[in-house]
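Welcome! Please take a look at the structure below, and then we will walk through some of its parts together.

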Amino acid sequence: MKKKIKYAVVAIVILMVLMVSIVLYSRYMEPERLVVRKITVETDMDIKNCRVVFFSDTHFGELYDEEHIERIVEMINGCEADLVIFGGDLLDNYARDREILDMEYLQEGLSRIEAKDGKYAVFGNHDYGGGAVRIYKDFMNDCGFHVLDDETVFLEKYNMEIIGYDDYLLGQTEEEFYHIQSERFHLVVTHEPIISKMIDGSGENLILSGHTHGGQIFVPYVTKRLLPNGAGQYVKGFYDMRDIGADACTQMYVSSGIGLTQYPFRFGNIPEIIEVSLTDIP
C-alpha cells in the first residue's frame, strides 16, 4: 500500500512539473521563437519564377511589443524577396495600446523591409477594430506598402495578378469581386481563409491568409472547434483544391501568424514567416 502511495505521489509530481513546464514554455519561449517556413508552388501557367514572402497577424500591442519588429525585418530581408505581403492585423487594439506603442519606431522598422518588386498589404479585422481603421492605410502606405482594398494589380514582370480583398468580417467587399474573370495566375491575399469558399472564375489561384493563429494554443480535435469567425474549417498550413472544395483551380496557405491576441500564450504554433517560391513547370 505504501508503495502504491509513493508511486502515486511521484506521478502527481511529474505531472505537475510537466504542466508547469508547458505553461512556462508557451508563455515565455514559443512566442519569442520565429521561423521562416518555405513552400514551393508549381504551376503550368506561363509565369516568371517569383519569391514571395508573406507575414501576418503581428498584433503589436500590450502582449507583443514593437521591439519584435527588428527580428521580423531581419528575417524577411534575409529571404531576398521579390514581393513582400502583409496579411493584416498589424495592431492588436489601437485604442487600448496607442499610449504604449511607439508608432514611429514601428514605422521605421516596417519601412526597412526590402522587396525587389513591391510590398503589399490587406486589412485584417483588428485593423478596423479599436479605431485602427483611422490610421492603418496611411500608416502602411508610409511604410512603403500598397494596401490592396478590393484591388487587383497586374504584375507584368511575372505575368500574374495580385488580388487583395477587404476584411471579410468588418470590410465591405461586393460579392461580384469574388468572381475572378481573367485567365492568369492570381496571387490572392485575404485575411480570413473563409474567402476561399467564395472565389470562383478562371485561371489559377494561390491564396495567402492568416487570422486563425493556428488556434494560438493548438489542441488536437479541440482547436478546430474554437477557431474565430471567418476561419471556416481551416486551422493552418497548406490546403489544396480538394480541401477547399472550390470550382476554380485554387490552393491556399493559412499562416499561424506572428503575434499574440487575447492571451499571452502560444503552444504548437511557432510564429512564422512564409517564403513561397512560385515556379512554372517547364
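## What covers helix α2

The buried residues of helix α2 are covered by several elements, among them β2, β3, α4 (103-111) and β14 (272-280); contact here means heavy atoms within 4.5 Å. Helices (H or I, at least four residues) and strands (E, at least two) are DSSP runs, numbered from the N terminus. This is a predicted model, in which local features need pLDDT of at least 70 and side-chain atom pairs count only at pLDDT 80 or more, while totals for chains, interfaces and linings use all residues. Residues are numbered from 1 along each chain as its sequence is written, and side-chain values use heavy atoms, with hydrogens and water left out.

Which residues of α2 are buried? Helix α2 spans residues 69-77, and its buried residues are I69, I72, V73, I76 and N77. Buried means under 20% relative accessible area, exposed means over 50%, and partly exposed lies in between (1.4 Å probe, protein chains only). Seen down the axis of α2, the buried residues fall within an arc of 120°, so they line one face of the helix; the arc is that of the directions from the helix axis to the C-beta atoms. An α-helix has 3.6 residues a turn, so residues three or four places apart point the same way.

## The sheet

Now follow the strands. Six of them, in the order β1-β14-β2-β3-β4-β5, form an open sheet of 6 strands with mixed pairing. Its edge strands are β1 (35-43) and β5 (146-147), each of which pairs on one side only. Two strands count as paired if DSSP finds at least two bridges between them.

Strand β14 has β1 as one partner, in the parallel sense over 9 bridges, and R37 stands opposite I274 in β14. With β2, strand β14 pairs in the antiparallel sense over 5 bridges; here C50 stands opposite L278 in β14. Strand β14 is mostly covered, with 7 of its 9 residues buried. Strand β2 (residues 50-55) also pairs with β3 (residues 83-86), in the parallel sense over 4 bridges, and V53 stands opposite V84 in β3.

## Salt bridges

How many salt bridges does a search of the whole structure find? The search finds 10, where a salt bridge is a side-chain nitrogen of Lys or Arg within 4 Å of a carboxyl oxygen of Asp or Glu. In one of them, the side chains of E70 and R112 meet at 2.9 Å, N to O. That pair links distant parts of the chain, 42 residues apart: E70 is in helix α2, and R112 is in the loop between α4 and β4 (119-121). E70 is partly exposed at 30% relative accessibility, and R112 is also partly exposed, with a relative accessible area of 31%.

Elsewhere, E62, D92, R96 and D97 are linked in a network of salt bridges. D92 is buried, with a relative accessible area of 7%, and D97 is buried at 1%. R96 counts as partly exposed at 37% relative accessibility.

## Cysteines

A search of the whole structure finds 0 disulfides; a disulfide is a pair of cysteine sulfur atoms within 2.5 Å. C79 is in no disulfide, and its nearest cysteine sulfur, that of C50, is 13 Å away. C79 counts as buried, at 6% relative accessibility.

C249 is partly exposed, with a relative accessible area of 34%.

## Two residues with positive phi

Last, look at two loop residues. E80 lies in the loop between α2 and β3, and its phi is near 55°, a positive value in a residue other than glycine. H213 lies in the loop between β11 (204-209) and β12 (237-239); H213 has a positive phi of about 60° although it is not a glycine.

Is each of these residues buried or exposed? E80 is exposed, with a relative accessible area of 54%, whereas H213 counts as buried at 3% relative accessibility.
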